[in-house]
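Hi everyone, thanks for making time.

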Amino acid sequence: MFYRLAGIRHTSYAADRALWPVPVDRWQIGVLLALALAAPFVLPNLYLSSYLLPWIIWSTAALGLNLLMGWAGQIHLGYAAVMAIGAYGTIHLVRAGMPFELAIVAGGLLSAVIGLVFGFAALRVKGLYLAISTLAMQYLVDWIISHVPAISGGSQATLQAPNFRVLGLPVAGDFARYYVALAVCLLVTLFLLNVGRTSFGRALVAVREKDFAAAILGVNTFYFKLLAFWCSSFLGGVSGVLLAFCYYRAVTPEQFNLDVSIQAVAMVIVGGMGSVMGSYLGAALVLLAPIVLNNLVGTLAQAGALPVSQEILSHIPLILYGGLIVAFLLFEPLGLAKVYDNLRNYFLVWPFRHARH
Amino acid sequence: MRKMITGLALAAGLSATALASAAAQDKAPIKVGTALDFTAVYTFVTAEYSQGQRDYIALLNAKGGIKGHPVEIMVVDTGNQPQRGIEAYERFKSEGAVLVDFLSTPVSRAVVPRALGDGMNVVTMFHGRSDAADGKVFPTIFPMTPAYWSQATAIVKYIEGQEKGGLKGKRIALVMIDSPFGREPVPVFEELSKRLGYEFATFPYPSPGNEQSATWTQLRRDKPDWTIIWGAGGGQPVSVREAMRNGVPLDHLASVIWISETDANIIGADQTKGLLRFEGVASGKDPAVIKAIQQEVVAKGKAAGPAEKVGSTYYNIGVASMALFAEGARRALDKEGEPLTPAKLKHGLESIKDFTADGLLPPVTITSEDHQGGGRGRIAAWDGSKWTAKSDWSAAYQDIVWNLVHKSAEEFKASGK
Amino acid sequence: MYLAELAINGALVGLMYALVALGIVLVFKASGVANLAQGALTMVGAYVVWWLAAGLGAPLWAAMPLALAAMFLFGRGLERVALRRMVGQPVIMIIMLTLGLEILLRGAAPALAGATMKRLDIGIGQQPIFLGDILVNRAYLVGGVVALALIGLSLLFFNSRQGIMLRAVSDDQTASWAAGIRVEQAIGLSWGLAGIAAACAGILWGSVQGVDWTLSLLLIKALAVAILGGLDSIVGVVVAGVAIGVLENVIPGYIDPLVGGGTRDLVASTVILLTILVRPFGLFGREDIERV
């Protein structure tokens, strides 16, 4: 009843390959877009700058990592290091006078080049060993950033993000920063949505499923793996720039340590590997669940309903975060995207239980 | 999507209930927001610190609050993650807090630009940016206590006093954790070595400091006359043990402020006799305000934590932080009237003069240029069961400290553009 | 003499790392799963001993065996509840599961026991032992000897009946099933043994540095040892442990003064990277990884 599938006929190849052939889906996306654009005027500032903005930025990061983990099937436990490279690189470039639009691309390229070095490990090994080598590189980059004062900003090890301008307009205030982040996020989302429709995407899927079979078919697996690392690292660098300029506004090395890498991987896995919607959902859950839980636990404790010490209270979000990851992996390995998919399939044929094909 | 909307609705509903649950009073409550690290790097200090803060607030409320206003303290865990700190800060701001406290260098560094832009007061007791002592560049950041540079000068001053004939030709070694915190006092030590003529060497150990044998072996080769350890948390007892193993006499070993009764007991209370440390707040149960807390709060069952922690070092630092805040709030309400806003609190804090919090602190005077409060501290030694003072409250070599403060603050001002 | 002292202490510390790595190797040998929660298990083992000794007041000679038994059951329980469902899933899922378990344990243990550092005293004195001019850390000496003994025990174990069954399972699970070996039990046993190794490592490290959540950071060192030695080789664990311990102590001893400090952390990561790039299966590991 909700998803009118009757009467949808395609009369051209373009129509057949449309991203959202069902009109209800198109309306849904339209409404979401409108909400996203109107959010600064509707939401109170707290929700905008503490919940919506980091969610948008982390969705961008998760999308970038999804390209590598979901589409190309490679493991990357060092994504935060890649983001750090982009963030620090762009801050230094903007301070040196480069315009922000160029600097964000340059920062992304810097991440891509260094991230590519991570990717060369993929030349030799797969699976577990690849994961561990990216882990080692995370530590390495972490060490370099915190031990080279020229990069990290001196003995205080905090680097302020300078004021910047986009297209000539100064970006100051929560609204402007939100829109910059939203714009970049939309661009990245468009890119990810279309990856599946290109030969690049198809090659990645082939490499993910069985790389030697793909090689037999003539797909240059090594080239596409490296290309996946390149693109994903570029997107990681860009999202690191957004994190530094629009959200934190002052970067320290701790903001990009191993825990953050694990958080990014958790977002992709909990959301569903390979799914764009999944990146958003996963980012929302992993990012906001600890905060919501913290507040919930805090309010319950203040109201006296939870007679436990502050120590236990403050550890509960960590326990629940770990528990969330474990629970998802055990019970729904395909992630929140599958949950959404199940829901959609249910409503697709509602009020019937199933459709006869 | 749905989860996010439910999550947001839930969060909205909960913040609403949180606001509503503050019972209707005849005077509006004064709110303080503390977003501390209970679960990650600062676990060694946070539990006792927060307990001290909450007990002091309970004492204030038992005596009628600040000029009749009850004080509400909001406590949240950040896990040392800047993003959770930012979220907590925004929430405190929206709930009308006049002061926030993070007790975490990465989190406070991430929040400082926002706080400066919003005019929100941030207290950073004994940690954080040393250059925040410059009240002109950091108008709303209040260390109110000697930060690391002043602690370094105080230690050197004590050592100088112990060495008859001055420090010329002596060797001082700094064993520090390899992080920005550990490296922070190095410029001060180097500057002092030029002035006083001692030789200075650094021996960093990797974070988190549970394995330091190689560092101390290097130090033994160097044969310093005095050793200073600069770490925090788990690395400190390891440092002291290694020092003992390598033949460094404990009465020639001085530590930064972050070493407490817990650490001494972990090493072994009797074995740690003689160990020196910097002290910025009197420890123990003797200060009058601690006795008042024991009478009014602990005895009446309103304590926020275990009774044996009352009077420990970090507990007393927490008490001091809230005592300074209360004094500033009182002065603000006296001078500028109700209601209390962050701007008024700033003026109130900057008018604090010779405040000792009933024997807990050295006389603290804060002005709009000097947010450090005088930089006074003293050296204490462990006598087997508690820390006893070995020197008087005094500030040392403040000219070097302020040189560095101004230089660093200028850099901050320039880089923010 | 300086070099010798650094090397000897380094070797002993390396053996203590090897004890943590032993747990990783035991699990990988039997089930092919890299247990990234081993650091957290070590931390839990230390907390259990502390709780039995200090919290309940049990004497050490009772607390330690009890803790070992408890950790054996805990390891078996983890495998039964969490890992068994993941058989056949892609390796990234399993890695993520162990990471999730690590976060869970890192939150649960300090929550229940208190987050401040706890003292674990197993009676090792502070005075160093002198071999001529060389100062040897007494705690490390005891730790190294115990670690060596336990690793030797596990080598012996692998020659026993149960051990041969475990070796068969690690070689080929399907064939083991066909031969009548109960594979699930064998894997559960290997996890239990990993729990015991974690408990022993937790006791030793807890007495050196105090018990708190930072014990779980031993993971990266243990991983370096396991990778260098070969993820399925127990002999490799010893050799790699000594190698990494020595390198970690000696290299910074000479490079730190030049660079200004802190190179120790680099050693573990660099060793992992070099091993994976040059000889991915480690010094003694079995070659069965796919390559591009």
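As for bookkeeping, residues are numbered from 1 along each chain as its sequence is written, chains are lettered from A and ligands numbered from 1 in the order in which they are written, and side-chain values use heavy atoms, with hydrogens and water left out.

Okay, chain A. It has 15 helices and four strands. Its radius of gyration, taken over C-alpha atoms, can be held against the globule rule, which is 2.2 Å times the number of residues to the power 0.38. For 357 residues a compact globule would come out near 21 Å, and chain A has 21 Å, so the two agree. Along the principal axes, the C-alpha atoms of chain A fill a box of roughly 70 × 60 × 45 Å.

Next term: buried means under 20% relative accessible area, exposed means over 50%, and partly exposed is in between (1.4 Å probe, protein chains only). In chain A, 55% of the 357 residues count as buried.

As background, most residues other than glycine have a negative phi, and most peptide bonds are trans. So where does A:Leu167 lie? A:Leu167 is in the loop between strand E2 (164-166) and strand E3 (169-171) of chain A. This residue isn't a glycine, yet its phi is positive, about 50°. With a relative accessible area of 72%, A:Leu167 is exposed. Further along, A:Trp350 and A:Pro351 are joined by a cis peptide bond with omega about 5°. You'll find A:Pro351 in the segment after helix H15 (335-348).

On to chain B, where we need pLDDT, the predictor's confidence in each residue, from 0 to 100. Chain B averages 86, and 93% of the residues score at least 70. The stretch to watch is residues 16-25 of chain B, where pLDDT stays under 50. Where pLDDT is low, the predicted coordinates should not be read in detail.

B:Ala357 sits in the loop between H13 and strand E11 (378-382), and its phi is near 50°, positive in a residue other than glycine. Is B:Ala357 buried or exposed? At 8% relative accessibility, B:Ala357 counts as buried. There's a cis peptide bond here too, between B:Glu338 and B:Pro339, with omega about -15°. B:Pro339 belongs to the loop between helix H12 (313-336) and helix H13 (342-349).

Last one, chain C. How many helices and strands does chain C have? The secondary structure comes to 11 helices and two strands. The radius of gyration of chain C is 19 Å, close to the 19 Å from the globule rule for 292 residues, so chain C is as compact as a globular protein of that length. Its C-alpha atoms fill a box of roughly 60 × 50 × 35 Å along the principal axes, and 60% of the 292 residues are buried.

Methods: This is a predicted model: local features need pLDDT of at least 70, side-chain atom pairs count only at pLDDT 80 or more; totals for chains, interfaces and linings use all residues. Contact means heavy atoms within 4.5 Å.
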